[in-house]
Amino acid sequence: MNHLFLLSFALFIGANLWWGITALHRERWQIIATVPYRRTPEGWQGINLTYYGLFNANAYVLAVLLYLLLLEAGGAGRAPILLSVAGIVGCCAPASRLIARLVEKKAYTFTVGGASFLGLLLAPPLFSAIDHLFRFHGGQGFPVAAALAALAIAYALGEGLGRLACISFGCCYGRSLESCPAPLRRLFARHHVRFHGKTRKVAYESGLDGTPLVPVQAITATLSSLVALAGIFLYGKGMFTAAFLLTLTVTQLWRVFSETLRADYRGGGRMSAYQRMALFSVAYGGAVALLFPATAAAGIDLTGALGRLWSPPAILLVQCGWLAIFLYTGKSMITGARISFHVHRDRI
């Protein structure tokens, strides 16, 4: 049943990635809706709600659901699971904007790399504190090693699906093919990406709209999603430490390398702050795996856990979380709109 779950989940993720990678670079897939909010002599001013926010919210929610599912399957108690989610998401969501402001000196942008770095730093002491808290009160402890593995897998999935948001907004974009060495130009001669639309970051920041670029977002989305699926497989076998180290190492080392393929501004210096964070994360993760060793576990039932999570409170929690993330990341602070209304006289 675990294999059936993994296959079904892989097909779902694959379908999302295939559609997003092949469609979202087109101009129509940046703004999902515009809401008029102020009347001016020239017409109504509008607030743009973006597909960036939609796909970010999807990625956040699916990552949290996967985290809940894995820990539920691992036998963790519902209360400590929810407490750990509140701690990690409550810190990382605001940090995604704050760290980007500190590193890139921009007020209206987000960083997944910075937020994930903070989450990794906080997770071991937070999970250990939750474990001691519930044990102290005579309850079931919190499986720290399993939680770290679940968090790393969920992050990899969120990183993968979240890159669809980057394709939609035209951020985190790759270098132009003409600026790449000859081997890269040959490699991506047929499989490159062109973004269309002057309101995309790739256009207003670098003027690269319509230019063949290295499809770094698509590669990141595919690689991160594949390693998340591999992590789920190992987790289902009870191999928590292996799942944690695999997903963490692959995603962070790819982040270090992938930034050499990117053209967007990532802060000053030959090595960006995000690359240094990623390298430190790999070393820190290795130390954490030694501090919180995991014993092989049996009886991991992913489909059974999915059935237990399918309840009205969980569904409402997910919907509220999705809406909050969508409004937080999807309300565009960079683009604006002017709206006018008229009557179709021929339809009166």
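1. Rings of Phe, Tyr and Trp (for Trp, its six-membered ring) count as a pair if their centres lie within 6.5 Å; planes under 30 degrees apart are called stacked, over 60 edge-to-face, and the rest tilted. Ring pairs join Trp-19, Trp-29, Tyr-51 and Phe-55 into a cluster.

2. This is a predicted model, in which local features need pLDDT of at least 70 and side-chain atom pairs count only at pLDDT 80 or more, while totals for chains, interfaces and linings use all residues. Residues are numbered from 1 along each chain as its sequence is written, and side-chain values use heavy atoms, with hydrogens and water left out.

3. Trp-29 also has a charge over its ring: the charged end of Arg-28 sits 4.4 Å from the ring centre. The rule for this asks that NZ of Lys or CZ of Arg be within 6 Å of the ring centre and within 35 degrees of the ring normal.

4. The count of aromatic pairs comes to 13. Phe-9 and Phe-12 form a stacked one, with 6.5 Å centre to centre and 25° between the planes. The two are three residues apart in helix α1 (residues 2-23), so about one helical turn separates them. Helices (H or I, at least four residues) and strands (E, at least two) are DSSP runs, numbered from the N terminus. Phe-9 is buried at 13% relative accessibility, whereas Phe-12 is partly exposed at 40%. Buried means under 20% relative accessible area, exposed over 50%, and partly exposed in between (1.4 Å probe, protein chains only).

5. Glu-72 lies in helix α2 (residues 51-73) and is buried, with a relative accessible area of 11%. Its side chain makes a polar contact of 3.1 Å with the side chain of Arg-78. Such a contact is a pair of N or O atoms within 3.5 Å; within protein, one must be able to donate a hydrogen and the other to accept it, and residues adjacent in sequence count only if both atoms are side-chain atoms.

6. Helix α8 (residues 216-236) has 21 residues and reaches 30 Å from first C-alpha to last, close to the 30 Å expected at 1.5 Å a residue. The expected span is 1.5 Å times one less than the number of residues. Because 15 of its 21 residues are buried, α8 is largely enclosed by the rest of the structure.

7. The whole structure has zero disulfides, a disulfide being a pair of cysteine sulfur atoms within 2.5 Å. For Cys-171, the nearest cysteine sulfur is that of Cys-166, 3.9 Å away. Cys-171 is buried at 7% relative accessibility.
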